[in-house]
Amino acid sequence: MANLWTNCAGIQSPNPFWLASAPPTNSGEQIQRAFDAGWGGAVWKTLGQPIQNVSSRFGGHTIGGVRGAGFNNIELITDRPLDVNFREIAEVKKKFPKHAVIASLMVETEQEWEDIICRSVDAGADGLELNFGCPHGMCERGMGSAVGQEPLVNERITSWAKKYAEKYRPGLPVLIKLTPNVSDIVPHGLAAQRGGADGVSLINTIKSIVSVDIDRFVPEPRVGNLSTNGGYCGAAVKPIALHMLASLARDPRFNLPISGIGGVTNWRDAVEFILLGATSVQVCTEVMLKGYRIVEDMIDGLESYMDSKGFATIDQMVGKAIPNYEHWGDLDLNYEIVAKIDADKCIGCQLCVVACMDGAHQCIHPQEGSATERTTRVPRVDEAECVGCNLCKIVCPVPDCISMVQVDNGFAPATWNEHLYQGKQLRHRKGSHGW
Amino acid sequence: MADPRSPLKIDRSESAFTDYKPAYTQAQAVVEATRCLYCADAPCMHACPTHIDVPQFIRKIASHNDKGSARTIFDANILGMSCSRVCPVETLCVGSCVYNHLGHPPIQIGRLQRYATDKAYAEGWRYYQAGPDTGKKVALIGAGPASLACAHELRLRGHAAVILEKRQEIGGLNTTGVAPHKMKADQGVKEAEWVLGIGGIEVRNGVEVGKDISVAELEKQFDAVFVGLGLGPDTPLKVPGEQLPGVIGAVAWIEQFKLGKIDLSQVRSCLIIGGGNTALDCVREAITLGIPNVTMVYRGTEQGMPGYAHEWKAAQVKSAKAEWQAVPVAFEGEGKVQRAVLQRLDAAKKPIAGATFSVEADLVLLAIGQARIGDLVGGLEGIAVERGVVVTDAHGATGRPGWYAGGDCRNGGKEVVNAAAEGKAAAIAIDAYLQGNSPN
């Protein structure tokens with residue numbers, strides 16, 4: 001049986017599933033229920049000078065009938081008094097000594113950083129997470145992503161935090177939560193590393209306008225007759241998060257553990273994050289939409305997966321897919337696949353036909369014959385023109401009906417770089433239709 | 001001028017029926033619409049006689065473009081509202097949904113179509129304007145679905161249309177003959193009036209061609225004629241006792257309770273003779289109207305029954321019984337029908353000697369077909385009638401120049417959607433004829 005015990009940058013938890021700093025971690029009462037439900041850790045709703053929030057705060061992006069597939073918010077950090085938050089942290093730690101409680105912090109001056117770190121240590125937090133990521137409201141005040149976007153400021157504040165963490169409790173782990181609102185994540189991860197951080201968390205939310213009320217002409221979420229940009233998250237951001245995670249994880253100069261965040265909805269997503277270098281995985285939006293109870297399947301599914309793959313511990317999985325993430329120029333241009341349609345499974349929707357015709361390389365064609373009979377509706381692939389793009393397989397609603405099958409074209413593997421610098425021979429281009 | 005059409009009575013027996021496929025709310029419609037795969041060259045579209053672009057109208061429901069959704073439906077089939085209720089979708093669009101091959105419930109296309117078209121009626125959305133006046137005038141015989149679809153298409157093309165209807169009601173069988181669990185009479189009238197809303201379609205009720213207006217006069221007054229007569233009266237069995245009170249044709253009986261109120265309180269046992277869809281409608285109606293024992297009598301087997309299997313299944317759920325391979329040879333009773341004598345048949349539908357038996361029946365509905373009344377025009381030179389139906393080319397043209405036909409009198413009795421398709425196709429052919437481009 002796989003062991004889910006997690007140690008991320010020195011912060012230990014019974015499993016790698018942490019609640020991200022957000023509304024689900026707003027109070028001790030919530031976090032206690034979350035731990036009862038099975039969550040391994042929780043990053044407390046960011047602590048700082050309590051703010052006043054607006055009403056409304058959230059906007060949902062419905063995609064193909066899935067509500068909240070994308071999600072955005074204009075809520076700020078905690079609006080509850082700091083002494084209440086710290087008292088509740090102490091209560092939670094007393095009841096759940098083995099679970100990870102991480103204090104997310106966001107203040108301005110060095111003095112404020114020292115004070116709030118001191119109080120976090122007194123409350124018994126297992127680690128700190130500096131919120132350098134929030135892209136709305138707080139950044140205008142010089143905090144959040146305003147810090148995360150400036151490597152020098154990031155490094156300086158990280159070093160302050162590390163200094164006071166050491167002063168009040170030597171060895172207390174400090175994570176830096178990075179903003180994705182940058183062109184390249186790597187310099188920001190390296191800045192945190194130079195500042196002495198023990199690990200980083202990424203991604204925070206992406207600057208966004210989630211939608212526009214087309215009757216009122218006001219973006220969402222609407223506050224009176226105005227709105228503002230918010231932070232985008234939810235299932236839709238996962239690909240962006242995975243890329244930033246992997247960029248940092250594969251960089252040879254970066255050697256800190258990473259807590260992965262961004263669009264995790266289930267154990268499969270979590271596995272992907274871990275395989276691309278995350279040691280723990282943080283979740284917010286899916287919990288906001290479905291509740292703490294989703295963690296039961298996450299734990300169960302992860303255990304089964306690890307058992308089926310022979311992973312005994314989380315550490316054995318971390319970064320397993322990183323060696324297989326390469327630059328485009330190192331991909332084999334002579335590797336060739338074509339689409340094959342399983343005529344027995346095909347239901348005749350012809351979504352592959354229209355997708356290939358309008359969106360790809362015009363190589364899937366309808367058969368002659370009845371337009372209502374399933375058998376005559378099974379399309380035909382012109383393999384001589386099929387470039388192996390995957391589009392048909394992506395649109396096909398039937399599992400395993402379209403498979404992409406490798407073709408032996410007689411060419412030895414050759415990358416673009418090998419072609420360019422070593423003169424290796426490339427196969428003929430396909431999809432040309434005789435041009 | 002007062003509306004010559006008689007308004008429907010408020011108190012009609014059909015009011016007892018509830019919709020067997022209730023209306024979707026918008027939330028329900030959007031959920032179902034979102035499930036649609038949006039197939040390319042979709043089989044549902046091909047399965048529809050009017051070729052409604054089903055994936056497109058469903059996608060519009062999903063995107064909250066209800067107005068555009070209904071337009072997509074009406075563009076193909078101006079009778080989309082009644083078709084959404086009365087079409088045997090299980091054997092047409094829904095039956096061809098690719099989800100059936102995935103072992104997944106097919107998209108409820110009829111209910112989605114009803115959602116969109118009902119919304120259009122409720123909101124008063126109108127989409128069509130008559131084309132520029134051509135000065136041509138077309139007579140349409142009968143005010144049923146075929147003529148309505150034909151007249152509407154003629155108006156789009158700028159031709160004046162005059163519908164000659166011998167009855168006082170408009171809408172044809174949509175008003176007088178559709179099983180009320182699918183659609184009630186007022187919906188048939190409402191749809192007909194909605195179609196007439198394009199303007200320029202005159203309806204003359206109480207006018208019977210050949211009696212109130214001669215064919216010669218018709219040809220003098222009009223540039224073309226569309227025959228949308230439908231079918232004639234219920235076919236008799238021609239067995240002893242058939243004239244007894246309580247033995248009645250199915251279509252006539254349906255009309256009685258759709259347009260008025262009937263008293264069935266004394267009826268204990270009802271026999272429905274026939275195995276087609278009219279028989280099946282009668283079975284469900286008799287049960288819903290409160291008759292305790294309802295039995296269908298069909299001369300063939302259950303598998304050989306021409307009626308839709310899904311309708312029989314639904315009727316059985318409602319406690320219907322059947323006598324398969326049997327046929328009435330006599331009806332008996334004192335002053336009214338009380339018994340039927342049934343003859344058992346073999347697999348070849350031949351009587352088995354000595355195998356007769358008597359069953360109680362105080363109501364007998366004959367649903368073995370309707371007279372085909374192609375002969376009303378069959379006497380005209382150039383118009384051929386074969387097996388009671390008017391012979392036309394693929395576009396509805398008869399052999400007599402300027403005469404076209406569509407609907408039940410042409411196809412022998414099919415669905416409303418067939419009538420709608422044939423009426424529209426005939427209008428396009430009439431338009432070509434009037435412009436001098438006719439293949440005739």
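Predicted model: local features only at pLDDT ≥ 70, side-chain atom pairs only at ≥ 80, totals over all residues.
Let's start where the chains meet. On the chain A side, 14 residues are in contact with 13 residues of chain B. Together the two chains bury about 1,100 Å² between them, and carbon and sulfur atoms give 73% of that area. How many salt bridges are there between chain A and chain B? The count is 0, although the structure holds 45 salt bridges over all chains.

One salt bridge in chain A is worth a visit. A:Asp126 pairs with A:Lys93, and their closest N and O atoms are 2.8 Å apart. A:Asp126 sits in the loop between helix H3 (110–123) and strand E8 (127–131) of chain A, while A:Lys93 belongs to helix H2 (residues 82–95) of chain A, so this pair ties together parts that are 33 residues apart in sequence.

Now for the helices. Two packed helices are described by the angle between their axes and the distance between the axes. Staying in chain A, look at helix H5 (residues 151–168) and helix H6 (residues 186–194), which pack at an angle of about 30 degrees with their axes 7 Å apart. Because angles under 35 degrees count as roughly parallel, H5(A) is roughly parallel to H6(A). The crossing of H5(A) and H6(A) is right-handed. From H5(A), the contact takes in A:Pro151, A:Asn154, A:Glu155 and A:Thr158; from H6(A), A:Pro187, A:His188, A:Ala191, A:Ala192 and A:Arg194. By class, these residues are 4 nonpolar, 3 polar and 2 charged.

Over in chain B, helix H8 (residues 145–156) packs with helix H17 (residues 416–434) at an angle of about 35 degrees, their axes being 7 Å apart. H8(B) and H17(B) cross in a right-handed sense. H8(B) brings B:Pro145, B:Ala146, B:Ala149, B:Cys150, B:Glu153 and B:Leu154 to the contact, and the residues of H17(B) include B:Val416, B:Ala419, B:Gly423, B:Lys424 and B:Ile430. The contact of H8(B) with H17(B) has 11 nonpolar, 1 polar and 2 charged residues.

Another chain B pair is helix H13 (residues 277–288) with helix H14 (residues 309–317), whose axes come within 9 Å and cross at roughly 20 degrees. That makes H13(B) roughly parallel to H14(B). Is the crossing of H13(B) and H14(B) left-handed or right-handed? It is left-handed. In this contact, B:Leu280, B:Val283, B:Arg284 and B:Ile287 of H13(B) meet B:Glu311, B:Trp312, B:Ala314 and B:Ala315 of H14(B). Sorted by class, the contact of H13(B) with H14(B) has 6 nonpolar, no polar and 2 charged residues.

Finally, some backbone details in chain A. Most residues other than glycine have a negative phi, and most peptide bonds are trans. The bond joining A:Leu202 and A:Ile203 is cis, with omega about 10 degrees, and A:Ile203 lies in the loop between strand E10 (199–202) and strand E11 (206–208). The peptide bond from A:Glu220 to A:Pro221 is cis too, with omega near -10 degrees; A:Pro221 lies in the loop between strand E13 (218–220) and strand E14 (230–233). As for phi, A:Gln362 has a positive value near 55 degrees. A:Gln362 is found in the loop between helix H11 (351–359) and strand E18 (364–365).

Note on methods. Residues numbered from 1 in each chain as written. Chains lettered and ligands numbered in written order. Heavy atoms only, no water. Axes fitted to C-alpha atoms, helices over the stretch in contact; angles between N-to-C directions. Helix = DSSP H or I, 4+ residues; strand = E, 2+ residues; numbered from the N terminus. Parallel < 35°, antiparallel > 145°, perpendicular 65-115°, else oblique. Left-handed = near helix turned anticlockwise from the far one by under 90°. Contact = heavy atoms within 4.5 Å. Nonpolar A, V, L, I, M, F, W, Y, C, P; charged D, E, K, R; others polar. Buried area = accessible area lost by both parts, 1.4 Å probe. Salt bridge = Lys/Arg side-chain N within 4 Å of Asp/Glu carboxyl O.
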